[in-house]
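Please report on the fold, the surface and a few selected residues of the chain shown here.

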Amino acid sequence: IRDSHVIISESGLELSIEAALDLPLLEPLAVTGTLGVVSGGIYGSLEVGGVGPESLLIDGGDIFSISGHFLLQLNTTNQVQTVRGINSKGEVDPATGLVPAFVNVDLSVQSLHIAGSVSIDLLDAVHMAGSIDILIDENGLVAQADLELDLGFLGSIDVSGGIAFINEGGTPVFALRMEADVTLGSGPISITAGALLEINTSDTT
């Protein structure tokens with residue numbers, strides 16, 4: 001455990017913990033969590049991932065590697081709340097010039113944020129990756145997802161999409177975007193295809 005604290009004040013209670021875990025088979029695992037209870041509601045965050053920008057979980061040398069990251073954030077109050085998060089972007093602290101393992105993160109009012117990602121590399125020939133990000137706040141719901149499969153000389157499959165249900169000036173708006181690209185085979189025998197679907201009920205892009 002790198003750091004932990006319990007704060008009790010007139011406004012409420014906050015618990016926070018930061019840890020770097022060394023587990024069998026896994027690379028160092030960063031874990032941080034915050035839970036706050038105040039008169040206006042509750043807020044909290046739980047984040048788990050590999051240490052560093054690549055979020056490496058298992059290093060199998062030249063054979064395989066697995067990276068991943070999970071995030072859950074909640075704020076039911078009417079104020080922006082600050083919690084601790086993993087420095088997955090590798091941001092430099094201007095005061096020290098170092099790259100800290102954990103940073104402060106602001107949570108939007110009345111919001112729920114869920115995100116996760118995983119990637120697997122095999123023999124430098126096969127790459128599989130997927131991610132999802134869902135945000136629900138006072139403006140509505142926005143979700144994005146991506147799936148990538150690279151089979152080397154055999155081809156690749158990429159699928160991405162996003163969906164939004166939001167309130168725009170008092171008017172409900174629905175937007176959808178889905179895109180897929182497929183490339184299979186090589187040389188004279190190959191298949192290449194792509195598709196794009198877009199729906200937008202608002203007057204803006």
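Read along the sequence, this predicted model follows the pattern β-β-β-β-β-β-β-β-β-β-β-β-β-β. The chain has 14 strands and zero helices. Its C-alpha trace spans about 75 × 50 × 30 Å along the principal axes.

Of the 205 residues in the chain, 24% count as buried. The accessible surface amounts to about 12600 Å², and carbon and sulfur atoms make up 63% of that area. Among the contacts with a separation of 6 or more, 42% are between residues 24 or more positions apart.

The chain carries 4 positive and 27 negative charges.

| Residue | Relative accessible area | Class |
|---|---|---|
| Glutamine 73 | 9% | buried |
| Phenylalanine 174 | 24% | partly exposed |
| Leucine 135 | 31% | partly exposed |
| Phenylalanine 165 | 45% | partly exposed |

Glutamine 73 lies in strand β6, which covers residues 64–75. This glutamine counts as buried because its relative accessibility is 9%, and the cut-off for buried is under 20%. Which residues does glutamine 73 contact, leaving aside its neighbours within four places in sequence? They are Gly44, Ser45, Val105, Leu107, Ser111, Leu112 and His113.

Leucine 135 belongs to strand β10, residues 126–137. With 31% relative accessibility, leucine 135 is partly exposed, because that class lies between the 20% and 50% limits. Leaving aside neighbours within four places in sequence, leucine 135 touches Ser111, Leu112 and His113, as well as Gly140, Leu141 and Val142. Ser111, Leu112 and His113 are also among the contacts of glutamine 73. Leucine 123 is twelve residues from leucine 135 along the chain, and the C-alpha atoms of the two are separated by 35 Å.

The last topic is aromatic pairing. The count comes to one aromatic pair. Phenylalanine 165 and phenylalanine 174 form this pair, with 5.0 Å from centre to centre and 40° between the planes. The pair is classed as tilted because stacked requires planes under 30 degrees apart and edge-to-face requires over 60. Phenylalanine 165 is partly exposed at a relative accessible area of 45%, and phenylalanine 174 is partly exposed at 24%.

Note on methods
Residues numbered from 1 in each chain as written. Predicted model: local features only at pLDDT ≥ 70, side-chain atom pairs only at ≥ 80, totals over all residues. Heavy atoms only, no water. Phe/Tyr/Trp six-rings, centres within 6.5 Å; stacked < 30°, edge-to-face > 60°. Buried < 20%, exposed > 50% of the residue type's maximum accessible area, 1.4 Å probe, protein only. Helix = DSSP H or I, 4+ residues; strand = E, 2+ residues; numbered from the N terminus. Contact = heavy atoms within 4.5 Å. Areas by Shrake-Rupley, 256 points an atom, 1.4 Å probe, with all protein chains shown as cover. Lys, Arg positive; Asp, Glu negative; His and termini not counted. Charge placed at Lys NZ, Arg CZ, Asp CG, Glu CD.
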